[in-house]
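Subject: Structure handover and findings

Hello,

Here is the structure for you to look over. My notes follow below it.

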Amino acid sequence: MIDVFKSLRTLLKISRVHIDNSILRLHYSLTVIILLAFCVIVTTKQYVGDPIDCVREENVPQSVINTYCWIHTTYTIPRALDPSLTRNHLIPHPGIDASQDESEFKYHRYYQWVCFVLFIQATLFYIPRWLWKLWEGGKLSALTMDLDVAICTDAEKRQKKKLLVDYLQSSKGHHDWYAARFFITELLYILNITGQMYLLDRFFEGEFLKYGIEVIEFYQMDQENRIDPMTRIFPKVTKCRFYKYGPSASIVSVDALCLLPLNIINEKIFIFIWFWFLILASMTSIMIFVHLIVIACPPVRVYLLNLKFNLSQLDHLHTIVRRTTIGDWFLLYMLGQNVDSVVFKEILEDLASSSDSMPKEN
């Protein structure tokens, strides 16, 4: 298992050339690692033992009843979750009583699929990253030309800087689709995380969207009367009904009491996922809102460049922004993340000095 986690560390490695921002890296790097780590944990027996262990009649083999109940799902009785019943020793465990009315049964079918769901979630989080890398095509890496390394000869630096400035001047007005694809990728990230929350809600039969809120409310309620939502959604003890032939060839129903130790892990995993997805969705939404303002208000682009790279030549920035499109600004902003700060300031000066002699873009 340690070797598996070591292999996941490669996802944390950040490329020298940044083609996105830190919030997006939380999606395809940190979140993917978290989900894959959870996937490994729920498939490892050394922490919780067997995923299911049932109490059964002596004439039913242990392996048979365990396998059957794991495959065909187990159930609880919601009305037996009342904490007063357990406190007064009227039932053995929360959600377990002697009811035989199947209309009262709440079946739990999710636990066989948790590891697969976590793996699919990790894959979905990485797809927008893969798509943007495909669209980006190594453009920033090619334009950077090792200008992020401050230690190089003056002649080499001047030559690379001139090539970059000449390219930015000659290709002015042709980067809007490049920027548009990046903004589309951002929308894919927020659609992905929003869609995953709703899919998890369907997976848990309408319990996930309110899961975190209910957990918060649970810890604020009176201890005598509160019903733990983690016990309701992720029961540790359930029932299973097994059918077999009796001595006279009649069908005999066998009730088994099943322990689900894996749910001790599942309840913690999905409460963490609920809060993490909420935080990540909020940060991504704010980022998209800021970018909408940047697209609509050219003056904001000036101050965003100045704020990000601590530049003092506001007159140069105003000139550049006034003479370029949103795509040109976006490419310049991304270059600022990958080029040495001194060289970047010189590039801005050269662009500003040559912008007055160039026609203004709409």
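What percentage of the 362 residues in the protein chain is buried? Buried residues make up 48%, where buried means under 20% relative accessible area, exposed means over 50% and partly exposed lies in between (1.4 Å probe, protein chains only).

First, the ground rules. This is a predicted model, in which local features need pLDDT of at least 70 and side-chain atom pairs count only at pLDDT 80 or more, while totals for chains, interfaces and linings use all residues. Residues are numbered from 1 along each chain as its sequence is written, and side-chain values use heavy atoms, with hydrogens and water left out.

Overall fold

The protein chain has 16 helices and five strands. These are DSSP runs numbered from the N terminus (helices: H or I, at least four residues; strands: E, at least two). Take contacts with a separation of 6 or more: 74% of them join residues 24 or more positions apart. A contact here means heavy atoms within 4.5 Å.

Helix α9 covers residues 176-203. At 1.5 Å a residue, its 28 residues should span 40 Å, and the end C-alpha atoms are 40 Å apart, which agrees. The expected span is 1.5 Å times one less than the number of residues.

Core

The largest nonpolar core has 88 residues. Such a core is a set of buried Ala, Val, Leu, Ile, Met, Phe, Trp, Tyr and Cys residues joined through side-chain atoms within 4.5 Å. Leu118, Tyr211, Phe270, Ile273 and Trp329 touch the most other members. Helix α12 (residues 262-296) gives the largest share of this core, 13 residues. Apart from this core lies another, of five residues, including Tyr75 and Phe105.

Helix α15 (residues 326-336) is mostly covered, with 11 of its 11 residues buried. Trp329 is one of them. Leaving aside neighbours within four places in sequence, Trp329 is in contact with Val294, Arg301, Leu304, Leu305 and Val321.

Leu351 lies in helix α16 (residues 341-355). Leu351 counts as buried, at 8% relative accessibility. Beyond four places in sequence, its contacts include Val165, Leu168 and Leu332. Leu351 and Gln169 are 182 residues apart in sequence, yet 7.4 Å apart in space, C-alpha to C-alpha.

A buried arginine

Look at Arg301, in helix α13 (residues 298-309). Arg301 is buried yet has no salt bridge. The nearest side chain of opposite charge, Asp176, is 7.8 Å away. For charge, Lys and Arg count as positive and Asp and Glu as negative; His and the chain ends are not counted. A polar atom of the Arg301 side chain lies 3.0 Å from the backbone oxygen of Ile295. Arg301 also touches Thr324, Thr325 and Trp329, among others.

Salt bridges

How many salt bridges does a search of the whole structure find? It finds 16, each a side-chain nitrogen of Lys or Arg within 4 Å of a carboxyl oxygen of Asp or Glu.

- Arg79 pairs with Asp97, the closest N and O atoms being 3.2 Å apart. Arg79 is in the loop between β2 and α5 (83-87), and Asp97 in the loop between α5 and β3. Asp97 is buried, at 12% relative accessible area.
- Arg241 pairs with Glu102, with closest N and O atoms 3.2 Å apart. Arg241 lies in strand β4 (residues 237-245) and Glu102 in the loop between α5 and β3, so the pair ties together parts 139 residues apart in sequence. Arg241 is buried at 13%, while Glu102 is partly exposed at 43%.
- Asp166 pairs with Lys162 at 2.9 Å between the closest N and O atoms. Both lie in helix α8 (residues 154-170), four residues apart, about one turn of the helix.

Glu102, Lys239, Arg241 and Asp255 are linked in a network of salt bridges.

Backbone points to check

Most residues other than glycine have a negative phi. Thr73 has a positive phi, near 75 degrees. Thr73 lies in the loop between α4 (62-72) and β2 (74-76) and is buried, at 12% relative accessible area. Glu205 also has a positive phi, about 55 degrees. Glu205 sits in the loop between α9 and α10 (211-220) and is partly exposed, at 48%.

Best wishes

How values were computed
Polar contact = N/O pair within 3.5 Å; in protein donor to acceptor, adjacent residues only side chain to side chain.
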